[in-house]
Amino acid sequence: MQAIKNFFGFAGECVLVFFRSLYYLPTLPWQFTRLMDYCFNIGYKTMPMVSIMAFFLGAVLVMQTGDSLEDFAGANLYLGRISGLGMSRELAPLISALLLAGRVGSSVTAEIASMKVYHEIDALKTMNVPAERILVMPRLVAIILMMPIVVGVAIFVGWYGGAMAAAHVPFIAQPEEVYWANLKHVVSFHDIIDGQIKGMIFGVSVILIACTQGLNTKGGPREIGMSVTSAVVASMVIILFLDFVLTRVLM
Amino acid sequence: MANTPENPVDDRRAVRVEIDRVSKSYNNQRVLDDVSFTIEPGEIFVIMGPSGAGKSTLMRAIVNLEKVDEGEIRINGLDAFKQQTHKLMHTAIVFQAGGLFNSLTVEENLGFYPREHRLYDRKTINEKVAYTLRILNLEGCADKMPSQLSGGMRKRVAIARSLIIEPRLLLFDEPTSELDPVSAANITEVIGTLREEYDMTSIVVSHDRELAASIGERVALMGSGKVVMLDTPQKLAESEDPEVTAFLKPSINCNNPRFRQNLAC
Ligand SMILES: Nc1ncnc2c1ncn2[C@@H]1O[C@H](COP(=O)(O)OP(=O)(O)OP(=O)(O)O)[C@@H](O)[C@H]1O
Ligand SMILES: [Mg+2]
């Protein structure tokens with residue numbers, strides 16, 4: 001019972017933080033440097049890992065399906081289709097968001113929580129600079145700008161990983177051209193947009209949860225650690241839940 | 001009210017702070033219990049009292065970081081909470097733990113407020129920052145991070161950052177705690193002389209009797225949420241009230257055999 005109450009309380013607070021941040025959107029032009037900083041930070045922290053993960057995920061996806069489709073003669077022609085749709089509609093946004101939660105979300109929570117615990121947020125308040133204005137809003141904008149790039153890279157690298165596996169794994173040995181032709185034939189622009197919408201919603205949720213949890217922290221160093229853990233766990237659960245809902249809605 | 005300005009908000013002069021029957025509890029523990037006093041514009045007002053007396057809570061309430069349960073805090077006659085006076089008038093607080101922005105350099109800490117609110121052009125801000133650093137003898141530290149500073153320097157940076165705001169009310173929460181006697185005297189001197197430079201009311205929370213005696217114009221002694229005595233530092237020092245002397249002249253129990261040989265008992 002208490003857990004459900006906490007959940008809705010926290011969700012409500014996230015919404016509140018979101019709208020308060022929106023209110024400060026007009027101050028964005030003055031915060032250009034900060035925005036660039038946050039964008040760079042997100043890209044730097046996620047891009048390399050997302051690329052590696054997407055490459056291997058694409059390759060494994062093709063290998064697994066290649067293996068299980070072997071019994072059906074000619075079914076291997078659909079490898080491009082499977083990796084093409086699976087990556088763009090599902091896996092690329094999902095791994096990007098999970099990685100974002102682990103690498104960016106955790107550090108955002110830690111930073112804001114320690115600012116809260118060491119009275120920096122209080123100092124900001126007395127200076128009439130609310131935390132939402134400089135810590136949350138620019139990060140939300142940064143994630144909206146960066147997520148399409150991260151997810152886009154994940155999609156293409158994933159496809160490429162699939163192509164490599166299709167061409168070079170002996171029991172599949174499908175020429176790359178066949179794979180790409182099948183992929184291009186099936187995957188439409190619409191599928192990529194679906195993935196991007198998912199990625200964007202996941203990304204905003206991760207940042208919002210991370211910031212709200214950070215701002216909610218009270219106590220000392222131990223509580224900072226606990227906040228980081230709960231923010232990451234909450235983000236991952238929410239991502240998977242939203243994924244289910246969005247997949248249904250976007251289908 | 002001779003000193004109250006005609007327009008309480010736009011005037012740039014020191015403010016009057018009225019604490020009017022203020023009470024506050026944390027989980028049924030009464031931290032502030034019917035506290036009332038008035039601090040006159042330009043005064044240096046010292047609040048003393050044992051740990052847990054509610055001094056920090058009162059300070060946080062004055063700058064609207066904490067809401068009081070009962071009573072009112074008025075700044076120049078405006079209700080601090082209802083009218084959000086910290087947004088209207090320049091009030092600043094130097095936190096017990098400093099509250100510096102740890103990810104910014106000293107220079108950026110100082111320039112934060114005017115830059116964020118775009119108060120002046122870049123050159124003026126840099127000049128103001130340099131000037132404030134000079135007042136507090138911090139010239140060499142502009143590019144250092146707060147973690148690279150000593151405790152005393154950090155306190156001075158926190159004071160400098162508050163001065164940039166050109167406050168009309170500046171609160172100090174234990175500015176000299178955790179400092180050696182030389183640095184403590186230095187900070188005390190700084191607080192005492194700031195009034196010549198800035199037109200502001202200062203409230204200083206401190207355990208430091210020397211500070212209270214040298215710069216305090218009036219001293220309030222608080223104990224468990226109440227004001228025990230409020231008078232000039234001289235009167236406070238002469239007081240015979242056991243509650244006052246217990247705090248001002250504490251003594252180590254001479255009957256404890258551990259201490260007896262080292263103390264002139
Ligand atoms: N956020 C809080 N939640 C619960 N209790 C609190 C909170 N803040 C302060 N208190 C309690 O209020 C009382 C007064 O605290 P306060 O910090 O005002 O004391 P203080 O006079 O500043 O003491 P010190 O000299 O040690 O700084 C303490 O007993 C403390 O436990
Ligand atoms: Mg205190």
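Biologist: How many helices and strands are there in chain A?

Modeller: Chain A has 8 helices and 0 strands. Bear in mind that this is a predicted model.

Biologist: What are the dimensions of the C-alpha trace of chain A along its principal axes?

Modeller: The C-alpha trace of chain A spans about 70 × 45 × 30 Å.

Biologist: And what share of chain A counts as buried?

Modeller: Of its 251 residues, 51% count as buried. As for contacts in chain A between residues at least 6 apart in sequence, 85% of them join residues at least 24 apart.

Biologist: Take A:L140. Where does it lie, and is it buried or exposed?

Modeller: A:L140 lies in helix α5 of chain A. With a relative accessible area of 7%, A:L140 is buried, because the cut-off for buried is under 20%.

Biologist: Which residues is A:L140 in contact with, leaving aside neighbours within four places in sequence?

Modeller: A:F18, A:S21, A:V204, A:I207 and A:L208.

Biologist: How far is A:L140 from A:M115?

Modeller: The two are 25 residues apart in sequence, and their C-alpha atoms are 19 Å apart in space.

Biologist: On to the interface. How many residues of chain A and chain B are in contact?

Modeller: On the chain A side 16 residues are in contact with 20 residues of chain B. In chain A, the residues that lose the most area to chain B are A:E120, A:T126 and A:M127, together 38% of what that side buries.

Biologist: What is the area buried between the two chains, chain A and chain B?

Modeller: About 1700 Å², with carbon and sulfur atoms giving 62% of that.

Biologist: How many salt bridges and polar contacts are there between chain A and chain B?

Modeller: The count is 3 salt bridges between chain A and chain B. For polar contact, the rule finds 5 residue pairs across the interface, both residues being at pLDDT 80 or more.

Biologist: Which elements of chain A supply at least two residues each to the side that touches chain B?

Modeller: α4 (120-126) and α5 (131-168) of chain A do. The largest share comes from α4(A), with 6 residues. By class, the side of chain A that touches chain B has 7 nonpolar, 4 polar and 5 charged residues.

Biologist: What does B:E116 meet in a salt bridge?

Modeller: The side chain of B:E116 meets that of A:R133, at 3.8 Å from N to O. Both B:E116 and A:R133 are buried.

Biologist: Within chain B, what does B:R115 pair with?

Modeller: B:R115 forms a salt bridge with B:E107, at 3.0 Å from N to O. B:R115 is partly exposed at 34% relative accessible area, whereas B:E107 counts as buried at 18%.

Biologist: And B:E127, what does it form a salt bridge with?

Modeller: B:E127 pairs with B:K123, the closest N and O atoms being 3.6 Å apart. Both residues lie in helix α4 (residues 122-135) of chain B, 4 residues apart, about one turn of the helix. B:E127 is partly exposed at 46%, and B:K123 is exposed at 59%.

Biologist: Which residues are linked in a network of salt bridges?

Modeller: B:E18, B:D20, B:E72 and B:R74.

Biologist: Changing topic: what coordinates the magnesium ion (ligand 2)?

Modeller: B:S56 through OG and B:Q96 through OE1, at 1.8 to 2.5 Å. The pair links distant parts of the chain, 40 residues apart: B:S56 is in helix α1 (residues 55-62) of chain B, and B:Q96 is in the loop between β6 (91-94) and α3 (106-116). B:S56 is partly exposed at 24% relative accessible area, and B:Q96 is partly exposed at 33%.

Biologist: Last one, backbone. What is phi of A:N128?

Modeller: Near 60°, a positive value in a residue other than glycine. Most residues other than glycine have a negative phi. A:N128 sits in the loop between α4 and α5 of chain A.

Biologist: What about phi of B:D34?

Modeller: Phi of B:D34 is near 55°, also positive. B:D34 is in strand β2 (residues 29-39) of chain B and counts as partly exposed at 37% relative accessibility.

Methods. Residues numbered from 1 in each chain as written. Chains lettered and ligands numbered in written order. Heavy atoms only, no water. Contact = heavy atoms within 4.5 Å. Buried area = accessible area lost by both parts, 1.4 Å probe. Salt bridge = Lys/Arg side-chain N within 4 Å of Asp/Glu carboxyl O. Polar contact = N/O pair within 3.5 Å; in protein donor to acceptor, adjacent residues only side chain to side chain. Nonpolar A, V, L, I, M, F, W, Y, C, P; charged D, E, K, R; others polar. Donors = N, O, S within 2.8 Å, 3.2 Å for Na, K, Ca; no water. Buried < 20%, exposed > 50% of the residue type's maximum accessible area, 1.4 Å probe, protein only.
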